[in-house]
Every structure is written in structure tokens, then in C-alpha cells.
Amino acid sequence: MDSSLCSDLESSGRPSRRDVTILCLEMARDSADLASDYQFWLQKLSVWEQSSTKETQQDTCLHLSRFQEFLKQMYEFLKEMDSNAILERFPTIGQLLAKACWNPLISAYDESQKFIIWCLCCLMNKEPQTPGESQLNSWIRSLLSHILSTIRFNMKEVGLFTEILGYEPVDYYPSLLKNMVLSLVSELRESHLNGLNTQSRMAPERMMSLSQVCVPLVTLPDFEPLVEALLTYHGREPQEVLSPEFFEAVNEAVLSKKMILPASSVVSLWFRHLPSLERATLHLFEKLFSSERHCLREMECCIKESLLPQAACHPAIFRIVDEMFRVVLLETDGAPEVLAALRVFTWCLAEALGRENKQVKFALKTYFPYGAPSLTAVLSQRPDAIPRSHRLQPLLHVSQLLREAVEDHTRGSPRDAFESWFLFAHFGGWVDLAVEQLLRMEADPPEGLLWLLVFYYSPQDGSQQRAQTMVELKALLGRLLTLLRDGQHRCCNP
Amino acid sequence: MEPLVQHLERFSDVLAVARGAQARSWDAVTVRRALQWARYLLHVYRRFAGRAAARAALERRLGPWAGPPGLRSFAALESGDARLALRLLSNRALAPAAARALPRLLFPGPAADGEDDAPQPRLLLLARRGSALRLLLRLGGGDAPAGALLRTHAELLGARLRELGGAGAAAARGLLEALWARGPRGHVLGVLGEALLLGRCSHGGDLEPAGAADCAGGAEETETQGLLLHWLLGSPEALAAFCRRLPADRLASLASCHPALSRAYLGLLASWAAQLRYDLREGSWVPTQPGDMPWEELRLRLQRLCQAPPPLPEEVLETLRGGKALDGDFEVPGMSVWTDLLLALPRGA
């Protein structure tokens, strides 16, 4: 089919041969991919419909987003074809779509039900010639009807209300869903409060099942109270009772803004599921260190929005984020945007810590175990809180402490110098201050300030190299200040 | 107002046809027109959603209309397309041409993704919610948790009664009679109990109070609860069953929220107490008929009432003391059921 199509188009003279060839090849490749995926998913769906054990549910949850991707691709492929062509290409497509419909985890997920329905619409035969084709149409309609009004209640009480009171799914579903969610939330709260009473506590298996059921539904607004209740529930069991897929799903929904949760719930999530914290930090890094340059103000916005500074008030969380910053700094060789981000992040953290009025405040050492306590204490002061005229002294003090930490470790490894530098990099505001002071100096610039600057921008230099750079910097400063003075002079005396 | 009401009435006719055999005569154009109609009503809903006065006026005007349930309230304007869709999809009598066109009209595809007045997004939400319910039901072993179901039915019953309330209390009574007649009675009584507590404090049960924290309840709820009570207090059989079958805790909460009910309840308890006789051999009060309320249950219910907030405990004690006085004010157990009940109750109140 493909080659004849290509030659036909070529002879008609319109699209270029090359374009068409590429198109044919793409279609061929896509449909080959799709065909093998199709077989894979058909088999998976058959396995999943056999049982609904915890393992099957978990497997389904792990595949939800990939299956949706497949459905989307299927739709793109099918939408150009008519019913008979589709059936020729994928004879068992009816089976696949039906199995997907009947699997509530799949049909509850995100937009999967939309793609299933769209594929079914493609399958409708617009001009049925045979009874078989009409039959297919009627089957599709009944499947659509099922998707929209899917519950069969066991109890006859429900039938009563539907008949006498005339209620339909569109009246029923929102209300019943809301009340069932409320009921579960109450159950969780009671379970939480009656911690020691084993009878009223929710069994771990039930909590696990509940968290699995929530995986496809975290982005449905009706479920938000339940998600929050699950995140903030702390059981008595030493190990985690909720499924990891649940945490991942919530984390993804929060990061892609499909769901808004209060900060305390998000922090709770990160505490309980380390991969989510790492994913959130990476997500922030992707935003900050993308190809476009961000100013400090934009960085601050991004960082605050991510809720990571708030979460990092807990030293355990801070240490993990800090470690990730450290890795990125090492890998990028101290790239300026990373340094800037680290600085802004620490500033946001300090602000968040200031806002917290908890009884227990952690000592600085818990956040920065790798720095000398005296150094940490000095660095963490707010530089802009010091009046301008008194800034030189603390700056020199910082410089001296750092110098001691770095140069006295001649017997230590270069790693210790790095640790000191890394600590210093968190509090880059001091560097700005140093530059400010240097530009105001009338007389010789103090050694300490020169050292500070050189150390910040080239931490890995040996002491010889550093001394040389300091000399060059001094000279440069001298020139700059002369130019400034002359310029000023000329302005004042035209 | 008039044209709007007429539209609504016409649309409900359309919905009735969509469900029945006359749909045989429909074609794709008819379906499209019906859907456009539903969309128009949706726009009206959105325009007036924030304006309470306009809504109230509409609902008053709809009152006398004997249209089908579910379409007589303002809220019904919003979901016309979903109702139409469900009826048409499941109607086997729908003409083949219309049936073929229907899925695409309901689900046009990516183009309709952004249109929030098209049926597509709302039908998809319905589908998703349905799946959510299936999952939650599966979690509970196939049945909805009793509390959630009762609460839902109570809310829906309240909504119905509000719709009918505009037509006069007779229509509301008719509905309740129908429910009572068709049963299952246990469930109906449970729903009534739940409905009488909606929006009120001291709720008990496994759901937290949905409404205000005060005991007054919203204006709407008070009205429907008034209708319910009126019917209940006027139907002796239902009232007796209500007071007999609902749990003691639930009845105590109800009694503390509705004074009329508490009087009726206390009266019934007193009459049941009067039917007990003292069995010398067993040394306790026993029922005379097999269906009568036993001593222990009576005592429990009275105790729960005494644990309710005032003035209930005082009323209970007053009733018991009154009975005791009539019987001769005996202090010895075994002579008067009232004495023994008083003795059996812990003196806290």
C-alpha cells in the first residue's frame, strides 16, 4: 500500500517525493509500533480483568498513564479511518475497548474515559450495510450507555428511590460520591483518634486498598478531602501502609498543578515518600535551570511556589534538598544560576523559618552539620540587617573564619575546603556586601575582602593562584575606582 | 419568566419522548435541536445561578406545574443534556439514523474539549464519577456504607420535598405516603431519621454534621423537616414504627432537635411502659404481648433521653414521676413500672 501511494502522489506532481516518503515511512512505523503495543495492552487488560487482588490493582496503577498515552495514540490513528477499515486493521478492537471500559481503575483515570469514548465513536459505522454492522452500532451505543450510568446496586432500597422519587445518575452520583468520601474521611479520623483501640482502627489492608483506589482519582475534586485525610493520617504501624503509587500520583498531580493541596499535606507527603521529595526538587531544578535566564525575583517566585522552603524547615527535608543542590553544583562546576538558586533558596528558607512560631526550633547545626558552628552562626546573620556603616567588621570576620577553615586544613582533604565553600555559597548575600564595600573604599582595599571574592568565584584555586588573583583584582579595582572618580569629577566640573 | 417556564415544560416533554417509543420518529436534526435546547437551558441556569431572588421566583412559578420529578427545580436546568443523553443512548426504539448520529453529537472530539457548555465535558465527568463510585463500592464489598446511602437519600428526599412544597403540603404528603406504602419500610424510616437531622448539631452516626454548627438548621431544611414531621406525627402507624425501630441514640438526637417529636416519642414510650406487667417468678417486668417493647430496651431508651441536653431529661423524669404518683407513689420495686424505671435510671440529670 505504501509504495503505490507514494508513486501516485509523486506522479500527480504536488507534494515533494521526499515529504511523501517521510510521511509514508512515519505512518508505517507508527502503525507497526501501535500494532505491537496493541497486543501488549490487550493481553494486559485480559490479565487484569481476571482478578482484583492487591497485586493486580498495583500493576494496573503502575500502567495507567502509559495506557492513556496508548489510547491517545490509538485515537489519533483511528480518527481518519472508517469503521470497516478499523475492523480490518484491528479486528479485536471492540474487545480491547470493552475491557478498558469495564475496568474501573482505567475508566476513572484522568482522561482515559474520554479517549475510550472517542475511539468508540470512531468505530461507529456511518452507513451500515449488513445486519452485523448495525449490530456493532447498537453494541457501541449500549457500551456508551454503560460507561455513563455504570453502577448496579445490590440493594433494592436504591431501586425504590430511583422509581418513586425519579432520580437519575446525574442527580445521584455527585451526592453519593460526596457522602461516601465524607464517610471514609470520618472513618479515618476516628481511626486516628482511637489509636490504641484496635477495633475501631482501620485495618492496614483496607488503607492500602483505599490508597490504591485513590490513585486514578487524585485529580477528581470530589476526592480531595480523602486524599488530604490519607496524607495526614499517621497510623501506629512502623511501616508505611499506603501504596507508593498513591504518593507518586498525588505528587505528580500537585507538580503539574492538576490539584491544589494545603502546604501541610504536601509536606506530609514528602516526609512519607522520599522519591516524591526528590521528584519535586528535580522539577524545581528543571524550571530554574532551563535554557531561559531567570532574574532573582523570578527565581524567588518559583522557589516559593514549590513549597520546598516551607517543607525544608524540617532539617531532614532540608538535608535532602541541600544534597541535591550540592550534586548539581559539582556537576555543573559551580554554574552561576545554580549558585544564585541556592542563595535564593536559603533566603526563602530563612524567611519561612522566621514565620514559623513552633516551640521547637532546630539548632543551625542540624541544618548545616558540615560547617564549623562559629562560621555557620556568623554566616546566617542577615547581612542587610546590619547598618551600612558597620558592615566592614563582620565581613572581615567572615573572611577570617573562612580563611581559617580553608587554609588550616592543609592536612585535611580538599573536600573540607569544598564543604566550607558550599556552606558559604548558601549565604551569597555576603559577597554582594563585600563588592559594595570595595567600591566605596577610598584607600587600599582590605585583604580580607579581596580574599572573600576570589574564594567565592574560584574556590578550587591553590593558595598561590589565589594570591595572584587577589593582586590582579586589586589592580582592577584601582583602575575602576580611578575611572569612577574621574568621571564623577568631570560631571561635577564640566 | 413565562417563556422560560414554557421552555422548561416543553423540554420535559422532549425528555419524556426521548425515553419512549415515539423516539422512532426522530432523526439527527431532531436530536441536534433537542441538545441545543438543553444548552439554552444551561445558559439560563448559569445566568441566574448567583441570583437567589430570580431562582426563588422561578421555583414558585413552577410549583403548581405537575411535571415529572427531577425537572421542577432550578437546579434541573443545568443537567438537561445529560438526562437527554442517557435516555437516548438506552432507548432501543430510537430511529437508526438518529442513533448513529448521537455519539458524535454528544462527543464531538477535541474541538469540544474547551467548550464548557457542550455536553461532552459534563458527560465525561459523569463517567469518571461513576467509575469512582464503582471503585469505592468494590472497596466496601459491593454495598455502599449505610451512613453514606442514608445521607444521600435524605438529601435527595429533601430536595424533592422542596420542589413539591411549592405545590402545597398535599403533594409532599402524597410522596411520603407512596414511600411508606412501597417500602422497604426499614430503609424509609432510616432515611426519615437522617433527613430530620440534616444540618443540625448532635448528629451522631458515622458522618459528621454537614451543615451549620447551631441547632437551628438552614431555612430550607427547616421547611422540609417541618413537612416530614407533619406527616410523621399525623401517621400513627409510621410514627410507632419510627420510634420502635430507630436506634435509641438516633432517637435521642432527634428528640432534642424537634420538641414535637420528643413529646410524641415520650408518649409512646409511656404507653409501651404501661403494657408491661410484673412477673413474680422472674422478678422483672415482662411484655404482655409478644410484639411489645421489652423492659431493657425501654430502660435504655429512657436513659438515652436523660443524657440529652435539657429540657429533655426533666420532661422524662416528670413523666415517670407523674405515672408513679398515679399508681400510688410506691417506693417498693415490683408494684409500679414507673417506680422501677425511676429506680433504674442513673441520677445524673
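So, Arg185(B) and Glu237(B): their side chains meet in a salt bridge at 3.1 Å, N to O, where a salt bridge is a side-chain nitrogen of Lys or Arg within 4 Å of a carboxyl oxygen of Asp or Glu. That pair links distant parts of the chain, 52 residues apart, with Arg185(B) in helix 9 (residues 185-197) and Glu237(B) in helix 11 (residues 236-245) of chain B. Helices here are DSSP runs of H or I, at least four residues, numbered from the N terminus.

Quick housekeeping: this is a predicted model, where local features need pLDDT of at least 70 and side-chain atom pairs pLDDT 80 or more, while totals for chains, interfaces and linings use all residues. Residues are numbered from 1 along each chain as written, chains are lettered from A and ligands numbered from 1 in the order written, and side-chain values use heavy atoms, leaving out hydrogens and water.

Buried means under 20%, exposed over 50%, and partly exposed is in between (1.4 Å probe, protein chains only).

Now Arg299(B), which forms a salt bridge with Glu296(B), closest N and O atoms 2.9 Å apart. Both sit in helix 14 (residues 295-306) of chain B, three residues apart, about one turn. Arg299(B) counts as buried at 17%, whereas Glu296(B) is partly exposed at 45%.

Over in chain A, Glu300(A) and Lys304(A) meet in a salt bridge at 3.0 Å, N to O. Glu300(A) is buried at 16%, and Lys304(A) is partly exposed at 33%.

Over all chains, the structure holds 35 salt bridges.

Notes
Helix = DSSP H or I, 4+ residues; strand = E, 2+ residues; numbered from the N terminus.
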